[in-house]
Amino acid sequence: MTHTPGPWTIHTTEIFSGTIADKILSAHGTICLMPTLAQVPFSAQQITGTARFIAAAPRMLEVVQLLVEWDDSNDNPLVISRACSQARALLAEIKGKGPA
């Protein structure tokens, strides 16, 4: 299984005729468009939160891979420390309390 490499970022943009959407982009192009409030029954906070969650997908994969590496490394404390540090930063980002 492959995916578009990260990082993925969020950009609010006009996609056509005054319709605003959050675009999730990679260096390779658009990953997806998050619809505007007029198009879906969700709050602005829910739409933004969902966009942050989707954009974090490549980093989530990295954190899971680090945890597996730690498990395979016979409990190397440096690997688990790095994984936990990245997991904390990732959770803050997804919750909107860190860099996007």
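Entry 1, order of elements. I read the protein along its sequence and found the pattern β-β-β-α-α-α, that is, three helices and three strands, where helices (H or I, at least four residues) and strands (E, at least two) are DSSP runs numbered from the N terminus. I note that this is a predicted model, in which local features need pLDDT of at least 70 and side-chain atom pairs count only at pLDDT 80 or more, while totals for chains, interfaces and linings use all residues. Residues are numbered from 1 along each chain as its sequence is written, and side-chain values use heavy atoms, with hydrogens and water left out.

Of the contacts (heavy atoms within 4.5 Å) with a separation of 6 or more, 31% are accounted for by residues 24 or more positions apart.

I checked the length of helix 2 (residues 57-72): its 16 residues should span 22 Å at 1.5 Å a residue, and the end C-alpha atoms are 23 Å apart, which agrees; the expected span is 1.5 Å times one less than the number of residues. Which residues of helix 2 are buried? I found Pro58, Val63 and Leu66.

I recorded a packing angle of about 50° with the axes 5 Å apart, the axes being lines fitted to C-alpha atoms over the stretch in contact and the angles running from 0 to 180 degrees between N-to-C directions. The two helices are therefore oblique to each other, since angles under 35 degrees count as roughly parallel, over 145 as roughly antiparallel, 65 to 115 as roughly perpendicular and the rest as oblique. Phe53, Ile54 and Ala55 of helix 1 meet Ala57, Pro58 and Met60 of helix 2 in this contact.

I located Val64 in helix 2, and at 48% relative accessibility Val64 counts as partly exposed. Its C-alpha atom is separated by 8.1 Å from that of Ala83, 19 residues apart along the chain.

Terms used: Buried means under 20% relative accessible area, exposed over 50%, partly exposed in between (1.4 Å probe, protein chains only).
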